[in-house]
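Dear colleague,

Please find below the structure that I am handing over to you, followed by a summary of what was found in it. I would be grateful if you would read the two side by side.

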Amino acid sequence: MIDNKKNSFWLAFQYITVILSSFITLKLNISHFGIDLFGVFILISSFWGFGTLIDLGFGTAMIKFIAQSKQEDDYEFNALVSTGFIIFLIAGIIIFIAGNLLSDLVFFHNSKIIPVRFAGIAHPVFLLMGIFFFTQYLGVFFRSIVEGLNVFWISSRIVILYNILTLISVILTVVTGSNLIVLASCYILCSASTMLITMIYIRVKYRITLFKISLFSFRLFRRVLRFSISIQFASLSGAAIDPVVKFLIGNYASINYVPYYEIARRFSTALSGLFTTTFRYYLPKTSVLKRKEDYIQFLLKSGAGLSRLSITYSGFAFGLLQGAVALMIKLWFGYDEVIFIFLLLSVSEVINNFGYVLYVFLIGIGKADFLMILQFFYLIILSAGVAAGLIIFQSIMGLLGSFIAVVIINILLLWYVQRLSGISIKNYLSFVKIKKLLILISLIMFTILSQYLKLIPVFPAVFSLSILSGIFFFNDIKSLFMNKLKFGF
């Protein structure tokens with residue numbers, strides 16, 4: 001209980017720190033480099049971010065198996081760590097080489113994505129961001145060891161340190177008037193430094209053999225690979241979503257909308273991520289579930305409680321705080337387009353928050369094969385929906401296609417969980433107060449429609465949403481803070 005609260009506190013604090021530092025750096029970078037040049041940098045970063053996020057396959061597998069094996073003998077545990085390191089090292093090298101081979105095909109032969117005037121600096125920046133990816137990728141492996149030992153508060157401090165170093169680097173880049181090559185080099189230095197700190201901490205604190213070739217085990221390799229391969233493909237599809245959406249915006253709307261989308265995406269994912277990151281420790285909890293009776297008990301207690309909490313949190317973050325977020329966007333960035341895009345993304349994040357516990361439950365009990373298929377299907381319908389929306393609406397309103405995709409995927413998630421456990425969907429939805437979720441979605445959608453049809457000015461619209469959400473969720477939000485997130489523990 002105490003460990004859960006400590007983990008949750010530091011995970012939440014980590015996310016708040018990431019939010020603040022990311023928005024400051026984004027503002028500084030756009031002001032210094034200009035929206036067009038930094039838009040190119042964002043696209044390059046997203047491409048390598050696609051590679052970085054592949055760690056959700058091997059990284060999640062390592063957390064799961066370390067959590068299961070920490071009670072076993074030291075030799076087995078150290079063998080798992082050494083085997084995992086080799087997996088990450090080989091995978092990182094392959095992705096780095098493949099990324100550079102694909103760079104011309106994806107970016108540099110498309111002048112709509114990389115304008116000719118930026119081609120000279122884009123090539124070296126692309127290579128440097130590839131090196132940055134490699135250090136990030138290995139860093140994820142070492143953090144997965146810490147998280148598998150259920151000391152998320154340590155990994156959170158490491159992430160916080162990385163973001164502080166990144167913020168300092170961006171400030172120095174702006175003050176000295178440096179170019180994107182210097183910025184990318186600073187990113188590499190920050191990532192490599194925190195990776196080394198993590199390595200040293202693990203070695204000194206836990207006396208773990210981080211790498212020893214004689215400890216490599218083909219048995220453990222097959223065990224990790226068998227589970228992670230499905231998560232790997234699911235993560236591949238998930239990681240592709242952000243660059244694919246940006247690519248579609250650049251082709252069917254305008255490259256100038258990409259930075260607007262990036263700002264709005266950071267706000268929306270930061271708010272939803274505060275919730276999902278705070279309760280990451282649910283993965284070790286679900287990893288020990290074995291029987292159907294265990295599934296039902298978890299889903300109708302901790303699982304349903306967390307889903308119910310997610311609705312209240314969404315009412316607070318994407319309802320009550322809409323006015324404050326809009327004001328922050330206006331004062332800090334000055335773009336009304338970002339506010340509208342944030343509204344479009346909010347309605348999808350509300351659904352994703354609700355389905356988070358179902359996703360973690362399926363990972364924990366080893367149903368990665370289904371998640372692989374589901375995530376790939378999600379990428380297809382989301383890409384088709386966004387592309388169709390952008391073409392039909394001839395505006396950024398086309399991002400609503402992502403909402404339709406999210407709804408479909410979460411319905412399939414709920415259906416599959418019901419099929420596995422035998423729980424009553426009706427009872428589950430009743431307990432989590434699904435009607436409140438539907439009302440929140442309706443309020444956000446009405447606000448979006450009022451902006452699209454230009455019926456109400458932007459700030460009266462979003463502040464009306466805040467007031468209505470505050471009234472509707474007042475008792476739930478009050479209970480959430482008064483009871484100190486009791487459903488989460």
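**Cysteines**

The sulfur of Cys186 lies 6.5 Å from the closest cysteine sulfur, that of Cys190, which is too far for a bond; a disulfide is taken as a pair of cysteine sulfur atoms within 2.5 Å. Cys190 is likewise in no disulfide, the nearest cysteine sulfur being that of Cys186. The structure holds 0 disulfides. Cys190 counts as buried because its relative accessibility is 4%; buried means under 20% relative accessible area, exposed over 50% and partly exposed in between, with a 1.4 Å probe and protein chains only.

**Basis of the values**

This is a predicted model, in which local features need pLDDT of at least 70 and side-chain atom pairs count only at pLDDT 80 or more, while totals for chains, interfaces and linings use all residues. Residues are numbered from 1 along each chain as its sequence is written, and side-chain values use heavy atoms, with hydrogens and water left out.

**Overall form**

The secondary structure of the protein comes to 19 helices and 0 strands; helices (H or I, at least four residues) and strands (E, at least two) are DSSP runs, numbered from the N terminus. The radius of gyration is 22 Å, close to the 23 Å that the globule rule gives for 489 residues, so the protein is as compact as a globular protein of that length. That radius is taken over C-alpha atoms, and the globule rule is 2.2 Å times the number of residues to the power 0.38. The C-alpha atoms fill a box of roughly 65 × 60 × 35 Å along the principal axes. Of the 489 residues, 57% count as buried. Among contacts with a separation of 6 or more, 85% join residues 24 or more positions apart; contact means heavy atoms within 4.5 Å.

**Helices and loops**

Helix α14 (residues 368-393) has 26 residues and reaches 36 Å from its first C-alpha to its last, close to the 38 Å expected at 1.5 Å a residue; the expected span is 1.5 Å times one less than the number of residues. Just after α14, Gln394 takes a positive phi of about 55 degrees. Gln394 belongs to the loop between α14 and α15 (400-421), and at 62% relative accessibility it counts as exposed.

Lys433 also has a positive phi, near 60 degrees, in a residue other than glycine. Its place is in the loop between α16 (425-431) and α17 (434-452), and at 29% relative accessibility Lys433 counts as partly exposed.

Ser348, in helix α13 (residues 336-364), counts as buried at 5% relative accessibility. Leaving aside neighbours within four places in sequence, Ser348 is in contact with Ser402, Phe403 and Val406.

**Aromatic rings**

Rings of Phe, Tyr and Trp (its six-membered ring) pair if their centres lie within 6.5 Å; planes under 30 degrees apart count as stacked, over 60 as edge-to-face and the rest as tilted. By this rule the count comes to 31 aromatic pairs. In one of them, the rings of Phe275 and Phe279 have centres 5.4 Å apart and planes at 55 degrees, so the pair is tilted. Phe275 and Phe279 are both buried. One aromatic cluster is formed by Trp48, Phe85, Phe88, Phe96, Phe126, Phe133, Tyr137, Phe141 and Phe142.

The charged end of Arg308 sits over the ring of Phe431, 5.6 Å from its centre; this requires NZ of Lys or CZ of Arg within 6 Å of the ring centre and within 35 degrees of the ring normal. Lys436 lies over the face of Phe472, at 5.8 Å from the ring centre.

Yours sincerely
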